[in-house]
Amino acid sequence: KADSLSFRNLEADYRIGIAPHYVEWIRQQLEQKAETYGFNIYRDGLRIYTSLDSRMQRYANRAVDEHLTGYQEKFDKYWDWKKYPEILEGNVDKMIRDLDVFKKAKTPEIRDSIVTALRTNSPFVDSVRKAARNIEVGMVAIDPHNGHIKAMVGGRSFHVFRYGLNHVTQIKRQPGSAFKPFVYTVALDNGSPVTFTLPNQPVTVMMPDGTRWTPQNFDGGFGGWVTLREALKRSINLIAVRLIMEIAPPKQVADYAHRMGIKSPIPPYESIALGTAEVSPLELTSAYGVFSNEGVLVEPIAILRIEDKDGNLIEENVPEKKEVLSKETAYLMTNLMEGGGNEEGGTGRAVRSFFSLPAAGKTGTTNDYGDAWFEGFTPHLAAGVWVGFDDNRIKFGSADGQGGRAAAPIFGRFMRYTYDDPEIGLQLDYFKEPDGIVTDTICVDTKKKAREFCPEKTTEIFNSKY
């Protein structure tokens, strides 16, 4: 369902109320196109047809509000500004510099007097305390089959300092474990089966600057041999690092991520296995859509068509499609990521508290619980959620900052509301298993093909190519 916009009176448009960051992003794109086409987006009565689905947008807004309202209250009780005076001081100074009265001051003396007055102004400082500890969010939903951006929540508060920061398109943060699927994708494409095992043991990596990196698992534990399936489900750091050291070289992982839609630079170091390369929520969600769309990347789009006031076509955008993974690899990865939500011990189990239909995805959590992610998809939609703070020195500081707690419930709520709406009409569907996938019986102990005297057997799926 494409919505059309008129920018003749942008501020009065009712869509400012439900999708303000999306509308502002559209406006910015049109300003860039104005030079090419010679139109004025405010005076020429243009008709802009967009990919936004107003129903999904309302469900995205609802999912964010329902989850983060209580989360914010809990964080407010945890965060103590007395422990972080330097962070508060920095935010106060930044807020002052963003004020029009400061920017328009004609002399350095006037600016200094404004700074001095506001630094000791209790109401102003209190407003900074509240704003700085505000939990922010970036959430986007994309139809992976045509690239249409269906919903976008760019932040919890839009009308702050003119047009607020869009946390879907304008931020880049470390995705943590949400980047691991790219490592596993390379491993599978290099011939490793999902039953391949690696030792869950400590490892030391020599970094390019000569320092030693000794990654650890989230819980600090280690031990035993773990299959790729189990390792991704439980998001075991040491296995991801061993994969990139032994099977999925860093440069190849970076190349795959770029091929799948990541635009941001990815340094080809072993540390990217744990998501140290910064990305935007939009590009990461688009890349996850490749798994849902059987290995085909469709570049995300928002503006479908531009017409003049008489209905004459000015521009029409057709999605760019490119096969970047085999159907077999895309399906195997989808099947692995389904386990993160469906099986005991999976980091994405929180999704199932809200949504029970077929879905797959991966959580992401950064150091000190600063950024929380959930990137996931169904057969029809890909959706990504980032939750964190504008000042990345502010951290959740506890398990509440895990992607499975801070971000996954937003994904689950959004999908439930969207699929429950009969007007939208998304039906129960399953991920399609391609012809190149075969099922075989393996021995539970050895993780290899079961022989006659295997004491306990199970079935597993494989790429028939290997």
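Modeller: A definition comes first: axes are lines fitted to C-alpha atoms, for helices over the stretch in contact, and angles run from 0 to 180 degrees between N-to-C directions. Please also keep in mind that this is a predicted model.

Biologist: Understood. At what angle do the axes of H7 and H11 cross?

Modeller: Roughly 35 degrees. Helix H7 covers residues 180–189 and helix H11 residues 281–292, and their axes come within 11 Å. The crossing of H7 past H11 is left-handed.

Biologist: Which residues make that contact?

Modeller: H7 contributes Pro181, Phe182 and Thr185. From H11 come Leu284, Ala287, Tyr288 and Phe291.

Biologist: Turning to aromatics, how many aromatic pairs does the structure hold?

Modeller: There are 18. One of them joins Phe179 and Phe182 in a tilted arrangement, with 4.9 Å from centre to centre and 50 degrees between the planes.

Biologist: Are Phe179 and Phe182 buried or exposed?

Modeller: Both Phe179 and Phe182 are buried. Another tilted pair is that of Phe389 and Phe396, whose centres are 4.9 Å apart and whose planes make 55 degrees.

Biologist: And why does Phe389 count as buried?

Modeller: Phe389 counts as buried because its relative accessibility is 0%, and buried means under 20%. Phe396 has 3% relative accessibility, so Phe396 counts as buried too.

Biologist: Which residues form one aromatic cluster with Phe389 and Phe396?

Modeller: Tyr71, Phe75, Tyr78, Trp79, Trp81 and Tyr84 belong to that cluster.

Biologist: Over which ring does the charged end of Arg62 sit?

Modeller: The ring of Tyr417, at 3.8 Å from its centre. Likewise, the charged end of Arg259 lies over the ring of Tyr256, 4.1 Å from the centre.

Biologist: Now the sheet, please. In what order do the five strands of the open sheet come?

Modeller: The order is S4-S3-S15-S14-S13, with antiparallel pairing. Strand S4 (149–153) and strand S13 (360–365) are the edges, each pairing on one side only. From one strand to the next, the twist averages 5 degrees.

Biologist: How many bridges join S3 to S4?

Modeller: Four, with strand S3 spanning residues 136–142. Ala141 stands opposite Ala151 in S4.

Biologist: Which helix packs on the sheet?

Modeller: Helix H2 (residues 54–78) does, touching S3, S4 and strand S15 (382–388). The direction of H2 makes about 30 degrees with that of S4.

Biologist: Lastly, which residue takes a positive phi in the hairpin of S10 and S11?

Modeller: Gly311 does, near 90 degrees; the hairpin has five residues between the strands. Strands S10 (residues 303–307) and S11 (residues 313–316) run antiparallel and are joined by three bridges, and Ile306 stands opposite Glu315 in S11.

Conventions: Residues are numbered from 1 along each chain as its sequence is written. This is a predicted model: local features need pLDDT of at least 70, side-chain atom pairs count only at pLDDT 80 or more; totals for chains, interfaces and linings use all residues. Side-chain values use heavy atoms; hydrogens and water are left out. Rings of Phe, Tyr and Trp (its six-membered ring) pair if their centres lie within 6.5 Å; planes under 30 degrees apart count as stacked, over 60 as edge-to-face and the rest as tilted. Buried means under 20% relative accessible area, exposed over 50%, partly exposed in between (1.4 Å probe, protein chains only). A charge sits over a ring if NZ of Lys or CZ of Arg is within 6 Å of the ring centre and within 35 degrees of the ring normal. Two strands pair if DSSP finds at least two bridges between them. Helices (H or I, at least four residues) and strands (E, at least two) are DSSP runs, numbered from the N terminus. A crossing is left-handed if the near helix is turned anticlockwise from the far one by less than a right angle, and right-handed if clockwise. Contact means heavy atoms within 4.5 Å.
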